[in-house]
Amino acid sequence: ATARDRLVKYLDGDDNGTVVLMEVDPDTIGTIIGKKGANAKRLQSAHDVKIDTLTSRAKIRIYGTDAAKVAAAKAEISKSLEKVEVTSVVTIGPEQIAAASLVTAAAVA
């Protein structure tokens, strides 16, 4: 396989199951990754895989050398997402961020 072919398989998933792309709700990516990456690190260690977030494409890439381990990690992520319910999405603009930083700074002072 050419370098281009390997790159395409890495980016888009491959037929032998060692690279899998999961479409996810962008609002659940934080749940998958966990606080300070704890969930992703645990999954990577438990299943001997690597996990990348493709936030702009609303996808998670799971890859490793063993298709069964990749499939197990995907199954665990899918199961954990069954429990997640996104109730609302709040968009915060620059004004709210500035106001929040002022409140935080005032609370500390």
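Colleague: Which residue forms a salt bridge with K69, and how far apart are the closest N and O atoms?
Modeller: K69 forms a salt bridge with D48, with 3.8 Å between the closest N and O atoms. A salt bridge here is a side-chain nitrogen of Lys or Arg within 4 Å of a carboxyl oxygen of Asp or Glu. The pair links distant parts of the chain, 21 residues apart, with K69 in helix α4 and D48 in the loop between α3 and β2. This is a predicted model, in which local features need pLDDT of at least 70 and side-chain atom pairs count only at pLDDT 80 or more, while totals for chains, interfaces and linings use all residues. Residues are numbered from 1 along each chain as its sequence is written, and side-chain values use heavy atoms, with hydrogens and water left out.

Colleague: Are K69 and D48 buried, partly exposed or exposed?
Modeller: K69 counts as partly exposed at 34% relative accessibility, and D48 counts as partly exposed at 49%. Buried means under 20% relative accessible area and exposed over 50%, with partly exposed in between (1.4 Å probe, protein chains only).

Colleague: How many salt bridges are there by this rule?
Modeller: The count comes to 3 salt bridges. One of them joins the side chains of R42 and E76, at 2.7 Å from N to O. R42 lies in helix α3 and E76 in helix α4, so this pair ties together parts that are 34 residues apart in sequence. R61 also forms a salt bridge, with D52, where the closest N and O atoms are 3.3 Å apart. R61 is buried, with a relative accessible area of 4%, whereas D52 is partly exposed at 22%.

Colleague: What span should α4 have, and which residue caps its N-terminal end?
Modeller: At 1.5 Å a residue, the 16 residues of α4 (residues 67–82) should span 22 Å, and the end C-alpha atoms are 23 Å apart, which agrees. The expected span is 1.5 Å times one less than the number of residues. D66 caps the N-terminal end, with a side-chain oxygen 2.8 Å from the backbone nitrogen of A68.

Colleague: And the whole chain: how many helices and strands?
Modeller: The chain has 5 helices and 3 strands, in the order α-β-α-α-β-β-α-α from the N terminus on. Helices (H or I, at least four residues) and strands (E, at least two) are DSSP runs, numbered from the N terminus. Of the 109 residues of the chain, 28% count as buried.

Conventions: Polar contact = N/O pair within 3.5 Å; in protein donor to acceptor, adjacent residues only side chain to side chain.
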